[in-house]
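Let's take a friendly walk through a protein chain together. Have a look at the fold first, and then read on.

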Amino acid sequence: MPFVLPWLLASKNTLQQARPGPRERGIRLEPIIRVEGLTHTYGQDTPFCRSAVDGVSLEIYRGEFLGIIGHTGSGKSTLIQHLNGLLQPTVGKIYLDGRDIWADPKKIRDVRFRVGLVFQYPEYQLFEETAYKDIAFGPKNMGLDQGEIDRRVRAAARFAGLDEGLLEKSPFDLSGGQKRRVAIAGVIAMEPDVLILDEPTAGLDPVGREGILSNIRAYQAAKNATVIMVSHSMEEIASNVSRLIVMNHGKVAMTGAPREVFARANELISMGLDIPQITQVFLRLRDMGVGVDLSLIHI
Ligand code: ADP
Ligand code: MG
């Protein structure tokens, strides 16, 4: 299978660079966010209502890079929109640093500054005359002074991989990938402790994807931030996250290190998901009786 080889090599390089998760580093796990018995039902008063998220409880640890996967409609976007108070639970609670985020609804803005959410296809929400103004929107709302806003806009642009020269351009004159970076920078400029990204690389070419992912990793490392990334790409998840949650029909179906989750290939496939190519190759070799050590590939 010579055509697989370049991919395998490229992927191994990425994996060797991947940082171990908190558990592997032996650090005591400390949740920054706790979701307790969360159910969300859209259109509750309609006869065909169904819960998009159904009785989910989970903990998200400080400094981890958590991946969320699941087929379309499994409730990923609905779940993450609760973590910064954009959606309110139908049932259940969300705790940030041990405090119920809805204990005082007037303070929900502060939660949104600390937990930054980048929507899917966020470039459709750019609206200012210049990229600079778009990125400055969040810090301005936080009531920061001009000097601090400027520092944050420039730092966020660097983290998001945007040239300074693009800041004075209209977002509408930028390429698709650049617009995406402006939108990501707009959230990073709030310097959130928790950065949530809903399919941040959707629709980008492979080079653009890897660029954005390495920018996200750089932000996480620099700020010791917690990152939560929804993705439909198993390859992307395998080489970036330290822990993974699989959603199915509004519930958490599996959770664990990518290696543990991907080893349950048949269950993933029955949920309409795929496993990374490299794991497929190794599992197939194992099924053929070849003695392979799955831990070698880290997934
Ligand atoms: P995912 O992000 O995994 O694709 P979503 O959270 O977007 O899943 O959707 C979960 C379920 O909730 C789906 O059945 C979807 O049709 C439904 N849903 C999502 N958003 C809304 C909404 N605003 N109003 C009504 N139903 C919705
Ligand atoms: Mg979604």
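This is a predicted model: local features need pLDDT of at least 70, side-chain atom pairs count only at pLDDT 80 or more; totals for chains, interfaces and linings use all residues.

Of its 299 residues, 39% count as buried. If you take the contacts between residues at least 6 apart in sequence, 69% of them join residues at least 24 apart.

Let's start on the inside. In soluble globular proteins, nonpolar side chains tend to be buried together. The largest nonpolar core in this chain holds 68 residues, and the members that touch the most others are Ile135, Ala156, Ala185, Ile188, Ile196 and Ile228. Helix α6 (residues 176–188) gives the largest share of this core, with 6 residues.

Which residues does Ile135 touch, leaving out those up to four places away in sequence? They are Val153, Ala156, Ala157, Val182, Ala185, Gly186 and Ala189.

Is Asp134 buried or exposed? Asp134 counts as buried because it has 24 C-beta neighbours inside 10 Å, and the cut-off for being buried is 20 or more. Beyond residues up to four places away in sequence, Asp134 touches Leu126, Glu128, Pro171, Val182 and Gly186. Asp134 and Val187 are 53 residues apart in sequence, and their C-alpha atoms are 9.9 Å apart in space.

## Strands side by side

Strands of a sheet pair through backbone hydrogen bonds, either parallel or antiparallel. You can find both kinds of pairing here. An open sheet is formed by 4 strands in the order β2-β1-β4-β5, with antiparallel pairing. Its edge strands, β2 (51–61) and β5 (99–100), each pair on one side only.

| Strand pair | Sense | Bridges | One bridge pair |
|---|---|---|---|
| β1 (residues 31–41) and β4 (residues 91–96) | antiparallel | 5 bridges | Glu36 and Lys93 |
| β3 (residues 65–69) and β8 | parallel | 4 bridges | Gly67 and Met229 |
| β7 (residues 194–198) and β8 | parallel | 5 bridges | Val194 and Thr226 |

## Around the ligand

What surrounds ligand 1? Its shell is made of Tyr42, Gly43, Ala52, Gly70, Thr72, Gly73, Ser74, Gly75, Lys76, Ser77 and Thr78. By class, that shell has 2 nonpolar, 8 polar and 1 charged residues. Helix α2 (residues 76–83) provides the largest share of the shell, 3 residues.

## A helix with two faces

An α-helix has 3.6 residues a turn, so residues three or four places apart point the same way. Helix α11 (residues 277–287) lets you see what that can look like. Its buried residues are Ile278, Thr279 and Phe282. These lie on the same side of α11 because they cover an arc of only 95° around the axis. The face turned away from that buried side carries the exposed residues Arg284 and Asp287. Just after α11, Gly289 takes a positive phi of about 90°.

Glu199, for instance, has a positive phi of about 50° although it is not a glycine. Its place is in the loop between β7 and α7 (206–223). Glu199 counts as buried because it has 20 C-beta neighbours inside 10 Å.

His249, another residue other than glycine, has a positive phi near 50°. Where does His249 sit? It lies in the loop between β9 (243–248) and β10 (251–256). With 16 C-beta neighbours inside 10 Å, His249 counts as partly exposed.

Technical notes:
Residues are numbered from 1 along each chain as its sequence is written. Chains are lettered from A and ligands numbered from 1 in the order in which they are written. A nonpolar core is a set of buried Ala, Val, Leu, Ile, Met, Phe, Trp, Tyr and Cys residues joined through C-beta atoms within 7 Å. A residue is buried if 20 or more other C-beta atoms lie within 10 Å of its own, exposed if 12 or fewer, and partly exposed in between; C-beta atoms are placed from the backbone. Helices (H or I, at least four residues) and strands (E, at least two) are DSSP runs, numbered from the N terminus. Two residues are in contact if their C-beta atoms, placed from the backbone, lie within 7 Å. A residue is near a molecule or strand if its C-beta atom, placed from the backbone, lies within 6 Å of it. Ala, Val, Leu, Ile, Met, Phe, Trp, Tyr, Cys and Pro count as nonpolar, Asp, Glu, Lys and Arg as charged, and the others, Gly among them, as polar. The arc is that of the directions from the helix axis to the C-beta atoms. Two strands pair if DSSP finds at least two bridges between them.
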